[in-house]
Amino acid sequence: VPLIRAWPKEKALTRAAIGIDVLGHIGTDLALMSIDALATESRYDSIRERARETIAGIAATRGLSTAALADRLAPTLNLDANGTYELVVGDARFRVGFDAFLQPSVQLLDAAGFATAAPLAELPKARKGDEAGAASHVTWKALRTDAKAAAKREIARLERAMVDDRSWTADEFNRLLRHHPLMQHLARRLVWRATMPALPPVLFRVAEDRTLADAADAAYELPATAVVTLP
């Protein structure tokens, strides 16, 4: 991927295009995520077009739209089911969380695993000889970098979904947004609309424990037949 980004600057556009084809043949989620990023972020028209064509072809072979394929390529950043990650520095444990823009922060935990203070923008420094702390800092640095890249892509993708009035089935919403390790942080900050045949639409939100609440803040169960959109 770094080579594909560098080759156009060396006037090697054909080589970069072949590189995109190679990523398509590799076909892993990481490879497809990289193609999708090139389709929107490259400064070169021919590279963006080649990447879009490749993504569209892969989506078609899987019976998906390009938007539906992008749903399935959202990174998890190795977060747990609750969308968090624990780091250790010295004798202290910290839980990583995210705000509405996927900006990560850390909170100090007590022995029972409960947060004891307000979120911190930076992980405290590790002392010399603290190998676990040093490893946590490497993880934290990579997590911040990956979250920044993911935020740019995923927030824009949900904005397009709102503008295009794109819909998800209840199962897709639950798997790809509500319970996704990373996307749940964005899903919680948005208002969603469930539509069912012959019934008025219901506006709802995702709570921090991933349960659902309607506009009156009453518990809401999403029907299996519902179609979910971003109003």
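**Helix packing and pockets**

Helices α2 and α3 pack with their axes 8 Å apart, at an angle of about 145 degrees. Axes here are lines fitted to C-alpha atoms, for helices over the stretch in contact, and angles run from 0 to 180 degrees between N-to-C directions. Helices (DSSP H or I, at least four residues) and strands (E, at least two) are DSSP runs numbered from the N terminus. The model is a predicted one, in which local features need pLDDT of at least 70 and side-chain atom pairs count only at pLDDT 80 or more, whereas totals for chains, interfaces and linings use all residues. Residues are numbered from 1 along each chain as its sequence is written, and side-chain values use heavy atoms, with hydrogens and water left out.

The crossing of α2 with α3 is left-handed; this term applies if the near helix is turned anticlockwise from the far one by less than a right angle, and right-handed applies if clockwise. On the α2 side, I20, L23, G24 and I26 meet A31, S34, I35 and L38 of α3, where contact means heavy atoms within 4.5 Å. The contact of α2 with α3 comprises six nonpolar, two polar and no charged residues. In this classification Ala, Val, Leu, Ile, Met, Phe, Trp, Tyr, Cys and Pro count as nonpolar, Asp, Glu, Lys and Arg as charged, and the others, Gly among them, as polar.

Helix α4 packs against α3 as well. Helix α3 (residues 29-41) and helix α4 (residues 45-61) have axes 7 Å apart and an angle of about 135 degrees. That angle makes α3 oblique to α4, because angles under 35 degrees count as roughly parallel, over 145 as roughly antiparallel, 65 to 115 as roughly perpendicular and the rest as oblique. The two helices, α3 and α4, cross in a left-handed sense. From α3, the residues L32, I35, D36, L38, A39 and T40 meet R48, A51, R52, T54, I55 and I58 in α4. Seven nonpolar, two polar and three charged residues make up the contact of α3 with α4.

Helix α2 (residues 13-26) also meets α4: their axes come within 10 Å and cross at roughly 20 degrees. α2 is therefore roughly parallel to α4, and the crossing of α2 with α4 is right-handed. L13, A16, A17, I20, D21 and G24 of α2 make this contact with S46, I47, R50, A51, T54 and I58 of α4. By class, the contact of α2 with α4 has seven nonpolar, three polar and two charged residues.

Attention now turns to open space. The largest pocket has a volume of about 490 Å³. On a 1 Å grid over the protein atoms alone, a pocket is an open set of points where a 1.4 Å probe fits, with protein on both sides within 12 Å along at least five of seven lines, and lining residues have an atom within 4 Å of a point. Of the 20 residues lining the largest pocket, L30, M33, P75, D146 and A149 are the closest to its centre. Helix α6 gives the most to this lining of the largest pocket, with nine residues. Eleven nonpolar, three polar and six charged residues form the lining of the largest pocket.

The second largest pocket holds about 420 Å³ of space. Its 16 lining residues include T84, G97, H185, R188 and E208, the closest to its centre. Strand β2 gives the most to the lining of the second largest pocket, with four residues. That lining has three nonpolar, seven polar and six charged residues.

Finally, P119 lies in the loop between β3 and α6. Beyond its neighbours within four places in sequence, P119 is in contact with S105, V106 and Q107. P119 and V106 are 13 residues apart in sequence and 5.3 Å apart in space, C-alpha to C-alpha.

Technical notes
Grid points are joined across faces, edges and corners, and a volume is the space filled by probe spheres set on the points.
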